[in-house]
Amino acid sequence: MSDQPKSMDEIMALCKRRGFIFQASEIYGGIQGFWDYGPLGAQLKKNLRDAWWDDVVMTGCRGQAGPDGQPIRIVPVDSCIIQNPKVWEASGHLAGFADPMRKCPGCGHFVRADHLWDLLAESSVWFNDLIQVFDPHTGGIDSPRLLQWAKSKGKRLAPNLALVRQPEVTLSWLATRVQGQPGVPPDMKELTRYIATEQLHETGLQEPCPRCGAPLGEPAPFKLMFESYAGLTQDEDNKVYLRPETAQGIFINYKNVLDSTRVKVPFGIAQTGKAFRNEVTPRNFTFRSREFEQMEIEFFCHPDESRKWYEFWRDWRMNWWESLGLAGVNLQLREHDADELAHYAKTGAGTSDIEYRFPFTAPGFGELEGVADRTDFDLRQHMEHSGAKLEYFDQERNERYLPHVIEPSAGLDRGVLAAICEAFTPDPDRPSKVYMKFHPRLSPIKAAVFPLVKKDGMPEVGEKLRAELVRRFGRLGSIDFDEKQSIGKRYARMDEAGCPFCFTIDGDTMQDQTVTVRHRDTLAQDRIALDAVLAYLGEKLGL
Ligand code: ATP
C-alpha cells in the first residue's frame with residue numbers, strides 16, 4: 001500500500017456523489033460547520049452507533065469480564081439537549097468552556113490562537129505562496145526576492161502584512177535579527193513573525209492573519225456554547241444553552257438511575273446524542289463541526305479502583321475501533337502529558353486519546369475518542385451546586401463514598417469519517433477506480449441481488465431472494481436489487497457504495513439452483529447454492 005495520504009478532495013467528492021455526506025443547506029450556499037448525511041451516510045452512521053450500543057450497552061463489552069472478574073454492567077439514558085443552565089455552571093462549562101481567539105484588525109477574521117500555525121500551513125493562500133520565495137540554500141532569506149514578492153504578488157494576496165506595507169523596514173529587521181544559515185532549512189515560525197512586524201520596538205514580534213497578513217490581536221476567550229431562550233421573553237432569566245457534551249446529562253441522572261434500577265458500583269451509564277459547539281474554525285470536513293454526535297460512557301467505580309478501570313476502558317475502546325476495521329497503523333493510543341490534563345483530571349490520573357491518522361492530519365493523528373479518569377469532579381460539583389446527595393453507600397464494603405468516574409467519550413461523526421477514510425481504496429484496475437472497503441458490520445448496503453438479464457425467470461428468482469434477505473438482514477442495512485445496466489456497471493456502483501457481496505442470478509441458476517457470489521475486496525467469484533445464500537451472508541456478517 002502506498003504511503004501517500006489518500007486525497008481528501010476525492011473522498012469528499014465520493015461522499016457527495018454517492019450520498020454519504022452533503023453540505024448542510026447546500027442549495028442556499030451551505031452553512032459553515034454543519035453537515036447532513038445522505039441515504040448511505042445515514043445508514044453507515046446508524047451502523048456505527050448500533051455497533052457501539054450493542055457492544056457496550058446491550059452486551060456489556062461483548063460479554064467480557066471486567067478487571068474485577070465480574071460481568072460489566074452498563075445502562076442507557078437519553079437526556080435533553082437543553083437543561084437547567086445551572087448544570088453548565090456546575091460542570092464548569094459556563095465559566096471555562098472557551099477557546100482562545102484572536103481577532104484580525106485588518107479583515108475582522110477570527111483565528112483560534114492554538115490553530116494559527118496549522119491554519120497558515122493548511123489554508124493561507126499568501127503564506128503558501130510566500131514560502132516558495134524563501135530559499136533553503138541561504139537559510140531562507142533572499143531579500144531581493146522577498147522585496148519583489150512584497151511589491152507584486154504580496155499586494156494582492158496579503159495587503160496588510162508588514163512585509164507588504166513597509167517592505168524596506170521589515171526586511172531590515174529580518175536581515176539584522178535573523179541569521180540565515182546556508183543549507184539549514186529556515187525556521188518558518190521565526191521568519192513569519194519578523195515579516196509580520198512593522199514596528200519591532202513598540203509592539204514586539206507579531207503574528208499574521210492567515211487571510212490578509214495583518215498582525216493579530218491578543219487572544220481572548222470565545223464562548224463555545226450556543227445560546228437560546230426558553231420562554232416568552234428573550235432575557236437573561238430565560239437564557240438556555242445547547243449542550244456541548246452528552247456527559248453532563250448522565251451525571252445529573254446518576255441518582256435517578258441508582259434509585260430506579262438495581263445497578264451497583266461499579267457500573268456505567270451510556271448515552272448517544274447530539275452536542276453543539278460554536279467552533280471557531282470548523283474544518284476538515286466533518287472532523288470539526290458545530291453540530292455533532294457523541295457516544296459517551298460514564299463508568300462509576302470505587303476511588304481505589306479507578307486506575308484499573310481506566311486501563312481496562314482505554315484498552316478495550318482501542319481494540320473496539322480496531323475490530324471495526326480501522327487498521328492498526330492508522331490508530332494510536334496517546335497518553336496525555338501532565339500539562340495537557342483537563343481541569344477535572346487529577347495529576348497521575350490517566351487521560352489518553354485514541355487517535356486516527358486522517359488524510360488531513362497525516363503523518364500526524366486526530367482525536368477519535370478521549371478516555372479520561374474524571375475522578376469525582378463532576379459528581380462533587382453537582383452535589384455542591386444542586387444540594388442533592390450523590391454519595392453512594394456500598395453495602396459490600398460498608399462504606400459511603402463519592403464514586404470516581406472513567407469516561408470513554410467518542411465522536412460518532414469522527415468515527416464515521418475515519419471509517420470512510422479507511423475504506424476509501426483507489427484501484428485503477430476497476431471500472432469504478434475506487435472501492436469502499438467497509439467492515440461488513442458497517443457497510444450501509446449489506447448485499448446486492450442482480451439478475452443477469454431481465455428475462456428467463458431470473459428477475460423472479462432474484463426478487464424472491466431479495467425478499468428473503470431483506471426479512472433476515474434488512475434491519476442491519478439495505479439489500480440492493482438491480483436488473484438494469486451491464487453487470488460491470490452494477491458491480492462498480494456497489495464498489496463505490498462499499499457493498500461487500502453481490503449475488504448474481506444467471507442462466508445456470510435456472511438449471512442448477514446456484515448463484516455467483518462476487519466479493520468486493522478480492523473480486524473473487526464463487527458459486528454457491530441458492531438456498532445457502534442466507535446462511536452464507538449471516539456468517540460473513542458475523543451473525
Ligand atoms: P478537540 O480537542 O478535537 O476539540 P475535545 O478534546 O474538545 O476535541 P472532547 O470534549 O473530549 O473533545 O469530546 C469527545 C469527543 O467528541 C472527541 O473525541 C471527538 O470525537 C468528538 N468531538 C468533539 N468536538 C467535536 C467537533 N467539533 N466535531 C466533531 N466531533 C467532535
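Of the 543 residues in the chain, 52% are buried. The structure is a predicted model, and its C-alpha trace spans about 90 × 70 × 50 Å along the principal axes. The secondary structure of the chain consists of 21 helices and 23 strands.

Two packed helices are described by the angle between their axes and the distance between the axes. Helix α2 covers residues 39-58 and helix α17 covers residues 412-423. The axes of these two helices come within 10 Å and cross at roughly 115°. Because angles of 65 to 115 degrees count as roughly perpendicular, α2 is described as roughly perpendicular to α17. The crossing in which α2 passes α17 is right-handed.

Which residues in α2 and α17 meet? On the side of α2 they are Leu-44, Lys-45, Leu-48 and Arg-49, while α17 contributes Leu-412, Asp-413, Gly-415, Val-416 and Ile-420. Sorted by class, the contact of α2 with α17 contains five nonpolar residues, one polar residue and three charged residues.

The aromatic side chains provide a further theme. The structure holds 20 aromatic pairs. In one of them, the ring centres of Phe-20 and Phe-438 lie 5.8 Å apart and the ring planes stand at 55°, so the pair is classed as tilted. This pair links distant parts of the chain, since its two residues are 418 residues apart. Phe-20 belongs to the loop between α1 (8-17) and β1 (21-23), and Phe-438 belongs to the loop between β18 (434-436) and β19 (445-451). Are Phe-20 and Phe-438 buried or exposed? Both Phe-20 and Phe-438 are buried.

Another aromatic pair is formed by Trp-320 and Trp-321. The distance between the ring centres of Trp-320 and Trp-321 is 5.0 Å, and the angle between their planes is 75°. The arrangement of Trp-320 and Trp-321 is therefore edge-to-face, as planes over 60 degrees apart count as such. Trp-320 and Trp-321 are both buried.

Definitions and conventions: Residues numbered from 1 in each chain as written. Predicted model: local features only at pLDDT ≥ 70, side-chain atom pairs only at ≥ 80, totals over all residues. Heavy atoms only, no water. Axes fitted to C-alpha atoms, helices over the stretch in contact; angles between N-to-C directions. Helix = DSSP H or I, 4+ residues; strand = E, 2+ residues; numbered from the N terminus. Parallel < 35°, antiparallel > 145°, perpendicular 65-115°, else oblique. Left-handed = near helix turned anticlockwise from the far one by under 90°. Contact = heavy atoms within 4.5 Å. Nonpolar A, V, L, I, M, F, W, Y, C, P; charged D, E, K, R; others polar. Phe/Tyr/Trp six-rings, centres within 6.5 Å; stacked < 30°, edge-to-face > 60°. Buried < 20%, exposed > 50% of the residue type's maximum accessible area, 1.4 Å probe, protein only.
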